[in-house]
Amino acid sequence: MRVADGDTVTILDSTNTQHRIRLQGIDAPESHQAFGMQSKQSLSQLIFDKDVTVEYEKTDRYGRIVGKIILDGTDIDLEQIKAGMAWHYKDYEDEQTPADRDLYARAEDEARNARRGLWVDANPIEPSEYRRDERERKGR
């Protein structure tokens with residue numbers, strides 16, 4: 001297993017085939033962004049070298065499986081939000097079940113109110129906004 005960042009991993013299945021997984025429902029800080037490395041380390045500590053299950057229904061435009069990683073009945077995507085290591089990715093919340101959408105939104109509010117992880121910053125920049133700003137800077 002390789003953890004690319006706080007919301008993307010590469011896993012091997014039982015036939016040793018690699019699958020790139022984009023965690024559904026969350027958006028973690030980019031590597032060069034505040035809390036990017038902590039988010040990656042958090043995900044790594046949760047799942048590295050462990051047998052996980054991936055629940056998914058789609059792939060994204062980059063060919064990654066977009067899914068929920070489950071470890072011993074625990075939703076790892078949700079754990080990243082609870083730890084303050086990712087946002088609830090509201091741009092794609094319609095792809096979540098209503099129950100997950102509610103759980104993820106409440107977990108983000110809870111982490112924010114407790115000032116956990118990235119929420120220690122007064123105004124953390126959402127990764128989607130950070131990526132947009134990066135594209136604009138490079139386009140100039």
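Predicted model: local features only at pLDDT ≥ 70, side-chain atom pairs only at ≥ 80, totals over all residues.
Figure 1. Asp-60 is located in the loop that runs between strand β5 (53-59) and strand β6. A polar atom of the Asp-60 side chain lies 2.9 Å from the backbone nitrogen of Tyr-62. When residues up to four places away in sequence are not counted, Asp-60 touches Arg-22 and Val-66.

**Figure 2. Helix α1 and its buried side.** Helix α1 comprises twelve residues, 36-47. At 1.5 Å a residue, this helix should span 16 Å, and its end C-alpha atoms are 17 Å apart, which agrees. Which residues of α1 are buried? They are Gly-36, Ser-39, Ser-42, Leu-43 and Ile-47. These residues cover an arc of only 125° around the axis, which means that they lie on the same side of α1. An α-helix has 3.6 residues a turn, so residues three or four places apart point the same way. The buried residues of α1 pack against the strands β1 (2-5), β2 (8-12), β3 (18-23) and β6 (65-71), and also against helix α2 (76-82). Just after α1, Asp-49 takes a positive phi of about 65°.

Figure 3. Side chains of opposite charge can pair when their charged atoms come close. In this view, the side chains of Lys-82 and Glu-79 meet in a salt bridge, with an N to O distance of 3.5 Å. Both Lys-82 and Glu-79 belong to helix α2, where they are three residues apart, about one turn of the helix. Lys-82 is partly exposed, with a relative accessible area of 36%. Glu-79 is likewise partly exposed, at 25%.

Figure 4. The side chains of Lys-90 and Glu-108 form a salt bridge with an N to O distance of 3.1 Å. Lys-90 lies in the loop between β8 (87-88) and α3 (98-114), and Glu-108 lies in helix α3; the pair therefore ties together parts that are 18 residues apart in sequence.

Figure 5. A search of the whole structure finds 14 salt bridges. One of the residues taking part in a salt bridge is Glu-110, whose partner is Arg-116; the closest N and O atoms of this pair are 4.0 Å apart. Glu-110 counts as exposed because its relative accessibility is 51%, and the limit for an exposed residue is over 50%. Arg-116 is partly exposed, with a relative accessible area of 31%. Elsewhere, salt bridges link Asp-7, Arg-22, Asp-27, Glu-30 and Arg-131 in a network. Arg-22, a member of this network, is also touched by Asp-60.

**Figure 6. Two aromatic pairs.** The whole structure contains two aromatic pairs, according to the search. In the pair of Trp-87 and Trp-119, the ring centres are 5.4 Å apart and the planes meet at 65°, so the pair is edge-to-face. Trp-87 lies in strand β8 and Trp-119 in the loop between α3 and α4 (127-139); the pair therefore ties together parts that are 32 residues apart in sequence. Trp-87 counts as buried at 3% relative accessibility, and Trp-119 counts as buried at 5%. The rings of Tyr-89 and Tyr-92 have their centres 5.0 Å apart and their planes at 70°, so this pair is edge-to-face as well. Tyr-89 counts as buried, at 13% relative accessibility, while Tyr-92 counts as partly exposed, at 39%.

**Figure 7. Tyr-130 and its contacts.** Tyr-130 is placed in helix α4. This residue counts as buried, at 17% relative accessibility. How far apart are Tyr-130 and Glu-30, in sequence and in space? They are 100 residues apart in sequence and 8.0 Å apart in space, C-alpha to C-alpha. When residues up to four places away in sequence are not counted, Tyr-130 touches Glu-30, His-32, Gln-33 and Ile-125. Glu-30 is also one of the residues in the network of salt bridges.

Terms used:
Residues numbered from 1 in each chain as written. Heavy atoms only, no water. Helix = DSSP H or I, 4+ residues; strand = E, 2+ residues; numbered from the N terminus. Expected span 1.5 Å × (residues − 1). Buried < 20%, exposed > 50% of the residue type's maximum accessible area, 1.4 Å probe, protein only. Arc of directions from axis to C-beta. Contact = heavy atoms within 4.5 Å. Polar contact = N/O pair within 3.5 Å; in protein donor to acceptor, adjacent residues only side chain to side chain. Phe/Tyr/Trp six-rings, centres within 6.5 Å; stacked < 30°, edge-to-face > 60°.
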